[in-house]
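Dear colleague,

Please keep the model open while you read.

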Amino acid sequence: MKRSHWIVFLVICAVLGLLIVMAVVHVVRTSTPVARRVHAATPVETVPVSRQTLDEVIGGSGAVEQSSTVQLTTQLTADVLEVPVKIGDLVKKGDLLVRLDDRLIRATVEANREYVDVSQIKIKNETNQVNRYIALQQKAMGTPLDLEKAEISLADARQDLAKSTLSLKQAEIDLEHSSIKASLDGIVLERLVNPGESTHRDEVLLKLGSLNSIFVAAKFTEEKMHSVQLGGAAETAFPAFPGEVFPGKVVKIDPNIDPTTRTFTTYVEIQNSDLRLKPGLSGFVRIRRSMKDALAIPSIAVMNPSGEQASVFVINDSGHANLRKVRPGIVVNAMTQITSGLQEGEKVVTVGQLYLKENDKVHSTSRSNVQK
């Protein structure tokens with residue numbers, strides 16, 4: 001073989017040997033099982049723990065509900081003459097809802113007024129009579145028995161006045177109740193009486209829903225329960241009003257989780273002075289939450305995040321991996337807030353942690369993020 005051929009052969013062998021060595025080194029540096037067998041440093045990807053602003057927006061659909069329901073009852077036994085509203089009607093405070101037959105009540109009012117007038121006249125006359133007997137007795141012309149009878153008559157007259165006054169007041173109240181009016185701005189939810197029917201005391205005639213402010217009962221998935229707080233700001237968009245956003249606030253959070261949909265209900269209150277938003281109207285609620293200066297790491301670094309012992313691997317100054325328990329907070333855009341267990345600047349493993357053991361020697365790959 002010529003000398004030049006030997007030189008080419010040796011060069012090819014050297015290149016092949018170099019490629020084999022590079023391949024072995026690459027496998028050792030990128031394969032955790034292989035690195036552990038040859039007692040080499042385990043390859044991992046790491047990121048530094050940093051402080052960030054976590055902006056979270058969650059959304060859920062729901063429907064409008066009345067903020068409160070009022071039942072209108074009657075205090076009379078009477079015939080119904082008029083019911084000028086029907087289910088779904090919007091009513092203003094003071095609008096007539098039911099009118100009852102009040103002819104007998106008006107007659108009772110007039111009769112009791114006359115009883116009061118007569119009782120007042122009797123009291124005046126009996127008072128004069130008592131005064132006369134007192135004057136006669138002072139002149140030794142009257143008897144104590146006559147004065148006693150006069151005082152008894154005066155007391156009876158005063159009792160009659162009290163009874164007639166009470167009867168008059170009751171009749172006047174009944175007259176007021178003969179016309180049932182709306183006690184608030186709202187919507188008629190139920191109508192339980194019709195003209196020509198008779199009512200009895202404490203019977204429910206109508207049900208009104210308050211619409212000055214309304215609730216949007218929005219459904220959110222269970223993992224977002226930590227993101228919803230009482231009093232928090234919310235905004236709602238309704239397909240019925242495109243391009244318009246209605247501000248509100250969270251006033252109630254249902255603690256129960258629907259076992260089928262795995263959602264919970266959040267009630268957002270919206271002011272509705274113009275009564276445009278009506279029960280049943282569908283809408284989409286957005287709740288925005290911003291947490292500034294939050295200690296955060298990629299969610300992929302957290303092992304067992306929903307269990308009792310969430311943990312991460314932290315790389316110490318000597319290049320060894322140490323398992324550390326942490327307490328995770330909110331999760332936003334694949335970033336998890338850490339409320340305890342880590343300090344800013346520490347490096348946590350994001351790739352390769354599933355193969356690590358406590359105190360393994362590691363080295364960071366070129367894909368690891370470097371703290372700036």
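The loop between β13 (263-271) and β14 contains L275, and this leucine deserves a careful look in what is, please remember, a predicted model. The phi of L275 is near 60°, which is a positive value in a residue other than glycine. Is L275 buried or exposed? With a relative accessibility of 5%, L275 counts as buried, because the cut-off for that word is under 20%.

A second residue with a positive phi is D293, where the angle is about 55° although D293 is not a glycine. Whereas L275 belongs to a loop, D293 is found in strand β14.

Strand β14 also brings us to the pairing of strands, and here I would go through its partners one by one. Strand β2 (residues 50-66) runs antiparallel to β14 (residues 282-298), and 13 bridges join the two; within this pair, G60 stands opposite V285 of β14. Strand β11 (residues 233-237) is likewise paired with β14 in the antiparallel sense, over three bridges, and there A237 stands opposite F284 of β14. Which strand do residues 335-340 form, and how does this strand pair with β14? They form β18, which pairs with β14 in the antiparallel sense over three bridges, and in this pairing P298 stands opposite M335 of β18.

Notes:
Residues numbered from 1 in each chain as written. Predicted model: local features only at pLDDT ≥ 70, side-chain atom pairs only at ≥ 80, totals over all residues. Heavy atoms only, no water. Pairing = 2+ DSSP bridges. Helix = DSSP H or I, 4+ residues; strand = E, 2+ residues; numbered from the N terminus. Buried < 20%, exposed > 50% of the residue type's maximum accessible area, 1.4 Å probe, protein only.
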